[in-house]
Amino acid sequence: MASSAEIARALLIAAREGPAVASCTVMGATDGVNAALGAKMLVYEGRNLGEIGGGPLEEAVAEFGRRAIPKHLVQTCAFTPDGQLVEGRRAIESADAIVEILVEVVEPASTLLVVGGGHVGLAVGQLGAMLGMEVVIIDDREDYANEERFPYEANVICGDFGEELEQFPITANTYIVLVSRGHKVDELALRTVAERGAGYVGMIGSKRRTRTVLQHLAEEGVDSEALDRVFTPIGLDIGAETPEEIAVSVLGEIILVRRGGGAQPMSEHGRLLAGKQR
Amino acid sequence: MPQDEVYEAMSSAFEQGAPVALATVAQTLGSTPRKTGAKMLVREDGSFVGTIGGGCGEAEVWQEAMDALDDGDARMVTVDLTEPVDGEDKICGGIMRIFVEKLEA
């Protein structure tokens, strides 16, 4: 049995350093259902810490938690006491017995690595900071890589692109945006980061230009599956023109990758409008 | 949303053997200032870390947290932000269900 202190320490480590954990808390139960309110179980890939009463419910919650981790989910879910997930408000209200579990994925803030400190990089970083990401900006020009240029929390690195990127730690929680001053730098940067398992790699540029870059790297022997995973041209198709609009388009794509979704207007009217603009 | 401040405050309270009350947004309906998972940790002296949404219902939840520290019972608190306060316009306009529990090492 894990103590509250152990659980608190584990959550702190998950939030600071990772790896991510799905924290599952019993928050409610229908009258008459035997459930320990406040019981907590931390679900990691491959092991659990703490328990929420054992049996099929605990097994089902652990399985649900494990699947929640890559989705960065934070959600209160309803289960029957024998471990069936109940979805939809009507089904939950009409069920005889429900146990409510808050499943929240606890993990360090994701890193937004922006390669290129120009107008687009500046706006992309600003929006990333607003979304709670740890922003890192890299440029080799001092005018574009100094703290004063970025009026938000960002780690600004001025140095050689190749060297800096080689040293930079990249994990599945790192989101990389290549928006440097030219395709030569983008190509160099992509060569350095493509095969290192980032959560997202996007590269700005026209279809023609980006295709040329991908072709060069393929010829050099960069893993073709890694190149297939590069989002280029970068961003969602929302007709973005200004650097700020491009930042919305890029961060929209990053949210899509993190959370999943249809990337369509929610409304019928919006979908019709988007169709017309194609 | 990183919650490491809350977890840090919880860990250090437990190291000193002090209990805390933790308020966590379990569910939101309509427009609410914070979303599911937002947390506020309340210590026995009434000081707190984190927020579940500024003025909107936070005082009420803080009081429930103090009560939970007292009686040890976990509870679900419903904060209805659709009621206009003293003739003012509704600012938030949603409903939050907040789980309040006492935790100790």
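**Exercises on a predicted two-chain model**

In this predicted model, the buried residues of helix α1 of chain A pack against β1 (21-29), β2 (40-44), β3 (47-50) and β6 (99-106) of chain A, together with α1 (4-15) and β5 of chain B.

**Exercise 1.** Work out which residues of α1(A) are buried, and check the span of helix α1 of chain A against its number of residues.

*Solution.* Begin with burial, for which a residue needs 20 or more other C-beta atoms within 10 Å of its own. The buried residues of α1(A) are Ser4(A), Ile7(A), Ala8(A), Ala10(A), Leu11(A), Leu12(A), Ala14(A) and Ala15(A). Next take the length: the helix covers residues 4-16 of chain A, and at 1.5 Å a residue its 13 residues should span 18 Å, which agrees with the 18 Å between its end C-alpha atoms. Finally, look just after α1(A), where Gly18(A) takes a positive phi of about 80 degrees.

**Exercise 2.** Describe the open sheet of five strands in chain B, and explain why β3 and β4 of chain B each have one side without a neighbour in the sheet.

*Solution.* First write down the strand order, which is β3-β2-β1-β5-β4 in chain B, with antiparallel pairing. Then consider the edges, where β3 (48-50) and β4 (75-80) of chain B stand; each has a single partner strand, so one side of each is left without a neighbour in the sheet. Neighbouring strands of this sheet are turned by 25 degrees against each other on average, direction ignored. Now follow one pair in detail: β1 (residues 20-29) and β5 (residues 95-103) of chain B run antiparallel and are joined over nine bridges, and within β5(B) the bridge partner of Thr28(B) is Met96(B).

How values were computed. Residues numbered from 1 in each chain as written. Chains lettered and ligands numbered in written order. Predicted model: local features only at pLDDT ≥ 70, side-chain atom pairs only at ≥ 80, totals over all residues. Pairing = 2+ DSSP bridges. Helix = DSSP H or I, 4+ residues; strand = E, 2+ residues; numbered from the N terminus. Axes fitted to C-alpha atoms, helices over the stretch in contact; angles between N-to-C directions. Expected span 1.5 Å × (residues − 1). Buried ≥ 20, exposed ≤ 12 C-beta atoms within 10 Å, placed from the backbone. Contact = placed C-beta atoms within 7 Å.
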